[in-house]
Amino acid sequence: MLGTVTMYSTTWCGYCRRLKSQMDREGIAYTEINIELDPESAAFVEKANGGNQTVPTVLVVPASGEQSVMTNPSLAQVKQALAA
């Protein structure tokens, strides 16, 4: 699948670990950003989630260029966004 996936996460997030392992298993490349270490990314996550630092927040930019931001998505949702 063409496109990029960026996962905003924390070290303690179990949902993040689960989604990372699923994407690893499926061969989906992603960039992970720890929002506890990056204030700009934390602000992006807050803006996407009504002021909350909810993780995982995933930014998908498929080959078409129409980005989508998802909060705690399933693997199927990530794959669907990449295919758009």
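Helices (H or I, at least four residues) and strands (E, at least two) are DSSP runs, numbered from the N terminus, and by that rule L19 lies in helix 1. The model described here is a predicted one, in which local features need pLDDT of at least 70 and side-chain atom pairs count only at pLDDT 80 or more, while totals for chains, interfaces and linings use all residues. Residues are numbered from 1 along each chain as its sequence is written, and side-chain values use heavy atoms, with hydrogens and water left out.

## The nonpolar core

A nonpolar core is a set of buried Ala, Val, Leu, Ile, Met, Phe, Trp, Tyr and Cys residues joined through side-chain atoms within 4.5 Å; buried means under 20% relative accessible area, exposed over 50%, and partly exposed in between (1.4 Å probe, protein chains only). The largest nonpolar core of this model has 20 residues, and V5, M23, V60 and V78 are those with the most contacts inside it. Two or more residues are given to this core by each of strand 1 (3-9), helix 1 (14-26), helix 2 (39-48), strand 3 (57-62) and helix 3 (75-83). Helix 3 supplies the largest share, four residues.

Contact, here and below, means heavy atoms within 4.5 Å. Leaving aside neighbours within four places in sequence, V5 is in contact with M23, I28, A29, Y30, T31, V58, L59, V60, V78 and L82.

## Burial and pairs across the chain

M7 has its place in strand 1 and is buried, with a relative accessible area of 0%. Not counting residues up to four places away in sequence, M7 touches C16, L19, K20, M23, T31, E32, I33, P56, T57 and V58. L19 also counts as buried, at 2% relative accessibility, and on the same terms of counting it touches M7, P56, V58, P73, S74, L75 and V78. By contrast, A84, found in the segment after helix 3, is exposed, with a relative accessible area of 60%; beyond its neighbours within four places in sequence, A84 is in contact with P62 and S64.

The table gives C-alpha distances for three pairs.

| Pair | Separation along the chain | C-alpha to C-alpha distance |
|---|---|---|
| M7 and V58 | 51 residues | 4.5 Å |
| A84 and E66 | 18 residues | 8.0 Å |
| L19 and L82 | 63 residues | 15 Å |

## Helix 1 against helix 3

Axes are lines fitted to C-alpha atoms, for helices over the stretch in contact, and angles run from 0 to 180 degrees between N-to-C directions. Helix 1 and helix 3 pack at an angle of about 55°, with their axes 10 Å apart. That makes helix 1 oblique to helix 3, since angles under 35 degrees count as roughly parallel, over 145 as roughly antiparallel, 65 to 115 as roughly perpendicular and the rest as oblique. The contact is made by L19, Q22, M23 and E26 of helix 1 together with L75, V78 and K79 of helix 3.

## Two backbone details

V55 and P56 are joined by a cis peptide bond, with omega about 0°, and P56 lies in the loop between helix 2 and strand 3. In the loop between strand 4 (68-71) and helix 3 is N72, whose phi is near 50°, a positive value in a residue other than glycine. N72 is partly exposed, with a relative accessible area of 32%.
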